[in-house]
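Try each task before you peek at the solution.

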Amino acid sequence: MNDKPHFRFHPDAYEHQCFEESDEPCAACGRPCVWKYTNHIYALPPEPTAICARCIADGSVAKTVPEGDYSLHDCSFDEEPSDALAAEVEQRTPGFSTYNPFVWPVRDGAPLAFLGFGEDDNLLRLPQVQAAIAVLAEEMGGGVAPNYAMIFRTLEGDEYVATLDLD
Ligand SMILES: [Zn+2]
């Protein structure tokens, strides 16, 4: 497998520092990581020492955690996706730092892709992102600071949704 796999539900995972370059051996495949995962793995202890991007992408993390049970996110879904897509998001999509458990939006059975936080200039300059944050602010009954807004987009790329990461 490619040492730097693409993650369709978190397309900018490398730019978001989910991985760092490292030749440390991966706990799942035993090969040098090349791209070592930097975020938390939610599982019973002990946490695996190092996991590579390849083993995040193919779910081999399961070999390194008790009972093979883990998630890369502290999230719930706002609609129930199919089991296969839920597993792809929870176990084969790199996580990111949030203050609290958050809601991962789902539309028509498909989870959306996480693009980043609203404070990212590349996102905030998009009118669709500004509109999504405005919808969120209306739902919350007030203003929402962009850095607390998590921005998602449908895989087809035509709908944006913002959810809130409260501190
Ligand atoms: Zn590996």
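**Exercise 1.** Work out how enclosed β7 is, given how many of its residues are buried.

*Solution.* Step one: a residue is buried if 20 or more other C-beta atoms, placed from the backbone, lie within 10 Å of its own. Step two: strands are DSSP runs (E, at least two residues), numbered from the N terminus; helices are H or I runs of at least four. Step three: five of the five residues of β7 are buried, so the rest of the structure largely encloses this strand.

Quick note: this is a predicted model, where local features need pLDDT of at least 70 and side-chain atom pairs count only at pLDDT 80 or more, while totals for chains, interfaces and linings use all residues. Residues are numbered from 1 along each chain as its sequence is written.

**Exercise 2.** Find the order of the strands in the open sheet.

*Solution.* Strands pair if DSSP finds at least two bridges between them. The order is β7-β8-β9, with antiparallel pairing. β7 (113-117) and β9 (160-164) each have a single partner strand, so one side of each has no neighbour in the sheet. Now zoom in: four bridges link β7 with β8 (residues 149-153). Across from Phe117 you'll find Met150, and Gly116 faces Ile151.

**Exercise 3.** Name the residues that touch the most other members of the largest nonpolar core.

*Solution.* Such a core joins buried Ala, Val, Leu, Ile, Met, Phe, Trp, Tyr and Cys residues through C-beta atoms within 7 Å. Among its 40 residues, the answer is Ile51 and Ile151. Contributors of at least two residues each include β7, α4 and β8.

Terms used:
A residue is buried if 20 or more other C-beta atoms lie within 10 Å of its own, exposed if 12 or fewer, and partly exposed in between; C-beta atoms are placed from the backbone.
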